[in-house]
Amino acid sequence: MKNQSVLAWSMVVALGGFLFGFDTAVISGAEKAIQQHWNLSVFEHGFTISIALIGTVIGSLIGSRPSDHFGRKNTLYFVAIAYLLSSLGTALANDWSVFLIFRFLGGLGVGISSVTAPIYISEVSPADRRGRLVGLFQFNVVLGILISYLSNYLISQGGEASWRWMLGVQAFPSVLFLVLIYFIPESPRWLILKKGHDKAALEILRIINPLNCEEELQAIKNSKSISTNRKGMTEVLFSRKYKTPVILAMLFAFFNQVSGINAIIYYAPRIFEMAGLGAHSSLLSTVGIGVINFSFTLLAINVIDKVGRKVLMLVGSIGLIVSLSLVSYTFYRGDLSGFSIPIYMMIFIAFFAFSQGAVIWVFISEIFPNEVRAKGQTLGSSTHWVMASLIAFSFPYFAENLGGGTTFLFFASMMVLQLIFVWRLMPETKGRSLEQIGTNIVMH
C-alpha cells in the first residue's frame, strides 16, 4: 500500500513536470513560423520567445506564497489550469498581444510548478526513496522535452498552421493533470505546520510510513516551534541561521544554468545549423538530444538513492568540462563539416542529465528546514529561472559576436568552478529524513 500510494501520488504531481518540459521546449519548433506569421522584428521575436521565461521567473518568485497559503494541492490545480489555458490560448490566438498573454500564463505555470511539485513530492516521500521520487519530476520534465521535440518534428510536416497544433496539443495532458490532482492528498507537513490539522496529517503519514508515523508526526511538530516568532520571507530566510542552505541553493541553481543547458535546449536547431547541419537534420538532431536526456535521467533517478547526490554531481561535472571543452575546441578549429559538435553536444546532455538535471530539484527540496522549505525552494527556483532567462536572452548575441568557441569555453570554465563547489561545499543528503537534513545543514 505504502509503495503504490506514494508512487501514484508522486507520478500525478510529476505530470506537472511533463507539462513544464513540454511547455519550455515546444517553442523551439514553432519560433520561426511565429516570427513569419506576425512579421516580427528581431526585438519582437526575442520578446515573444522570452515572454514565457519572464512568466517563469515571476511564477518561481511568488511560488511559495500560494503553496504556503492555499496548500500544495490547491496550488497544483492553478498550475494545471494555467497550462491548459496557455496551450489553447496560444494555439487559437489571432493577435500577437493575445499570444503573448497566454504564453506568459504558461510560463507562470512552469515557475510555480518548479516550486510546488518538488516540495510536495519531497514531503510525502519516505527518506530511503525520496531521491528517486522527487527525481520523477525531473524525469517527466525531460520526457516532456522529448515528446515536444518528437511532436514538433511530426507536426512540422502539416503545413502553414502546423505551429498552432504544436502549441495546442499540450491541452490533452493538461486536462489529464487537472483531473488526477483531485485524487491526491494534501501534504501532511503543510497540514501540520500551516493548519494544525494533526489528525488528517497522521492518516496520510500512516500510508507513507505505517511503522513510524507517530514519531514522524512528533518530529514535524517539534520543527514547528523554531519559527513561531518570525514573520516575512526576508527576515526568516535571509538570516544567519539559514545562511548555509541559502548559499547552497543559489550556487546550485546558478551552476545549473551556466552549464549552457537552456541555451542548448532553446537553440539546439540553430546550434546544429552553426555546426554545418541542414535545417531538417538539425530538427531531427534535437530529437536525439531529447532521447539521450530522457535515457540518462532515467538512469540517474534509479541510482540517486544508492550512490547519493554528491557522487552523481562529481561524475557529471567532469563529463561536462570535457564535453564542453571539445565543443569549444571544434568551433575554434573551424572543422564544421562533420558530426563532431552534435556528438559532443549529446555527450554533454548525457552527463548533464545524469548529474545536475536529476539532482537539482531533489537537492533544493531537501536542504531547507520545514518552516522555510517553500521559501527556500522559491529562492532556488527563481535563481535558476533568472539565470535561464539571462543565458537564453544573451546566447544568440555572444554566439554571433564571440563565436561558438569562446561561448562554449565560458560554459566549460563555469563547470570547473562547479566541480570545486561540489567537492568542497556540497553535503550528502541521501537516506536521511527532511527534519534531520534541515537540522544538520542549519547547524553546519
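Does Arg-309 count as buried or exposed, and at what relative accessibility? At 0% relative accessibility, Arg-309 counts as buried. Buried means under 20% relative accessible area, exposed over 50%, and partly exposed in between, with a 1.4 Å probe and protein chains only.

The model is predicted: local features need pLDDT of at least 70, side-chain atom pairs count only at pLDDT 80 or more, and totals for chains, interfaces and linings use all residues. Residues are numbered from 1 along each chain as its sequence is written, and side-chain values use heavy atoms, with hydrogens and water left out.

Arg-309 lies in helix 17, residues 309–333. Helices (H or I, at least four residues) are DSSP runs, numbered from the N terminus. The side chain of Arg-309 makes a polar contact of 3.2 Å with that of Thr-429. A polar contact is a pair of N or O atoms within 3.5 Å; within protein, one must be able to donate a hydrogen and the other to accept it, and residues adjacent in sequence count only if both atoms are side-chain atoms. Leaving aside residues up to four places away in sequence, Arg-309 touches several others, including Arg-130, Glu-366, Glu-428 and Lys-430. Contact means heavy atoms within 4.5 Å.

Helix 6 (residues 96–124) and helix 7 (residues 130–155) pack at about 155°, with axes 9 Å apart. Axes are lines fitted to C-alpha atoms, for helices over the stretch in contact, and angles run from 0 to 180 degrees between N-to-C directions. Helix 6 and helix 7 are therefore roughly antiparallel, a label for angles over 145 degrees. By class, their contact has six nonpolar, three polar and one charged residues. Ala, Val, Leu, Ile, Met, Phe, Trp, Tyr, Cys and Pro count as nonpolar, Asp, Glu, Lys and Arg as charged, and the others, Gly among them, as polar.

Now take another pair. Helix 5 (residues 72–92) and helix 9 (residues 171–181) pack at about 160°, with axes 9 Å apart. That makes helix 5 roughly antiparallel to helix 9. The residues of this contact divide into 13 nonpolar, two polar and one charged.

Last, a loop. Asn-39 lies between helix 2 (27–37) and helix 3 (42–62). At 67% relative accessibility, Asn-39 counts as exposed. Phi of Asn-39 is near 50°, a positive value in a residue other than glycine. Most residues other than glycine have a negative phi.

Notes
Helices (H or I, at least four residues) and strands (E, at least two) are DSSP runs, numbered from the N terminus. Angles under 35 degrees count as roughly parallel, over 145 as roughly antiparallel, 65 to 115 as roughly perpendicular and the rest as oblique.
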